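I opened this entry to record what I looked up, helix by helix. My notes follow the order in which I went.

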Amino acid sequence: MSKNTISDSEILRLFANAQTQERAFKALVEAYQSRLYWHIRQMVFDHDDTNDLLQTTFIKAWQALPKFRQDAQLFTWLYRIATNNCISFLNNKRRRFFVPMHDIGPELAQKAALGLSPTADEITKKLHKAVALLPDKQRLVFTMKYFQDLDYETISAIVGTSVGALKASYHHAVKKIEQSVLNH
Amino acid sequence: MNHQLPPQYRTFENQAQAPPHGYFEHLPTKLLLKVKEENTASSWLGLHFAKLIGASGFVLLLVLFAWLFKPNSPHESNSEQLYQISLAYFDPYITETFADYLSNKDLSAIEEQIFNEYWNNPADFRLLENDLEAYHELLF
């Protein structure tokens with residue numbers, strides 16, 4: 001939850017009623033749009049792609065919310081939808097023009113550089129380039145841990161990977177970034 | 001890594017360009033309109049799906065009836081009429097020969113012409129007789 005005063009359980013209760021469904025959806029978007037936006041942006045870097053993926057995420061949430069089981073947190077569930085959208089989007093980009101799995105790392109690195117603030121310093125530029133060149137899974141784990149400061153249990157619930165495997169991914173990501181920042 | 005970089009590097013939002021001004025203010029309303037549109041579209045599809053199926057079935061039924069009860073083409077009915085007329089006007093041998101010729105799918109230009117002229121002037125039997133005579137001369 002961010003600035004919104006409506007709790008997750010209240011959003012779900014309002015959504016269950018057809019009369020208040022739209023109000024609930026608006027509250028849901030207001031509550032999570034910013035966090036999901038930056039989560040997606042850290043994966044695809046470009047604002048336009050982020051905007052498309054964010055909208056798709058919320059539309060999917062609207063469609064699937066009646067089937068939402070309350071054993072998961074709304075936040076974790078939305079993050080999972082957004083993450084899966086990002087992974088599918090990046091995989092589709094790799095398979096574009098029917099050429100199987102071409103490397104989109106340089107393209108992402110370029111977008112990361114273009115998406116930086118004009119005041120960004122040299123370390124920031126190097127850091128973002130190195131993050132963009134990571135494999136998707138490592139980038140996902142790294143950004144969720146490093147930038148979003150999520151704990152491994154939450155990341156595990158979102159990406160469906162064991163905590164041990166996440167720690168290994170994070171460790172590999174950090175090593176690669178260190179190497180990249182120091183060597184360039 | 002966490003301990004090597006100062007804390008400001010851990011805030012992605014501060015390092016990246018912000019989304020366009022007012023983006024987060026307008027997104028909830030924009031998305032609400034989108035889902036409403038989608039709802040309308042899906043309910044329209046739901047309501048009209050049966051109608052679409054029904055209409056397609058009706059069209060298919062019409063096509064089937066048209067195919068089952070299709071009238072003979074001008075060429076076919078003309079051939080049949082020519083055969084009947086030739087039966088009435090000429091001796092059986094010629095009629096038979098003419099009928100055999102008509103059954104040949106590779107119709108000559110003259111034959112086509114007779115058919116066309118007769119079809120355009122169905123009452124002009126004289127013309128038809130002349131043509132048939134000419135035709136007979138050509139054949140024998």
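I began with the packing around α5(A). Its buried residues pack against α2 (21-44), α3 (47-64), α4 (74-94), α6 (122-132) and α7 (136-147) of chain A. I kept in mind that this is a predicted model.

Next I asked which residues of helix α5 (residues 105-114) of chain A are buried. I listed G105(A), L108(A), A109(A), K111(A) and A112(A). I then looked down the axis of α5(A). The buried residues fall within an arc of 165°, so they line one face of the helix. I turned to the face directed away from that buried side. There I found the exposed residues Q110(A), A113(A) and L114(A).

I moved to helix α1 (residues 8-16) of chain A and looked for its buried residues. I noted D8(A), I11(A), L12(A), L14(A) and F15(A). Down the axis of α1(A), these buried residues fall within an arc of 165°, so they too line one face of their helix. What lies on the other side of α1(A)? I found R13(A) and A16(A) there, and they are exposed. I also checked the cover over the buried residues of α1(A). That cover includes α2, α3 and α4 of chain A. I noted α2, α3 and α4 in the packing around α5(A) as well.

Then I took up a helix pair. I wrote down an angle and a distance, because two packed helices are described by the angle between their axes and the distance between the axes. The axes of α7(A) and helix α8 (residues 152-159) of chain A come within 10 Å. They cross at roughly 140°. α7(A) and α8(A) are therefore oblique to each other. I recorded the crossing of α7(A) and α8(A) as right-handed. Which residues make the contact? From α7(A) I listed L140(A), V141(A), M144(A) and K145(A). From α8(A) I listed Y152(A), I155(A), I158(A) and V159(A).

Last, I looked at chain B as a whole. I counted six helices and zero strands in chain B. Along the sequence, chain B reads α-α-α-α-α-α. Of its 140 residues, 26% count as buried. I looked up the accessible surface of chain B and found about 9900 Å². Carbon and sulfur atoms hold 63% of that surface. I finished with the contacts in chain B between residues at least 6 apart in sequence. Among these, 56% join residues at least 24 apart.

Notes
Residues are numbered from 1 along each chain as its sequence is written. Chains are lettered from A and ligands numbered from 1 in the order in which they are written. This is a predicted model: local features need pLDDT of at least 70, side-chain atom pairs count only at pLDDT 80 or more; totals for chains, interfaces and linings use all residues. Side-chain values use heavy atoms; hydrogens and water are left out. Helices (H or I, at least four residues) and strands (E, at least two) are DSSP runs, numbered from the N terminus. Buried means under 20% relative accessible area, exposed over 50%, partly exposed in between (1.4 Å probe, protein chains only). Contact means heavy atoms within 4.5 Å. Accessible areas come from the Shrake-Rupley method with a 1.4 Å probe; for residues, only the protein chains shown count as cover. The arc is that of the directions from the helix axis to the C-beta atoms. Axes are lines fitted to C-alpha atoms, for helices over the stretch in contact, and angles run from 0 to 180 degrees between N-to-C directions. Angles under 35 degrees count as roughly parallel, over 145 as roughly antiparallel, 65 to 115 as roughly perpendicular and the rest as oblique. A crossing is left-handed if the near helix is turned anticlockwise from the far one by less than a right angle, and right-handed if clockwise.
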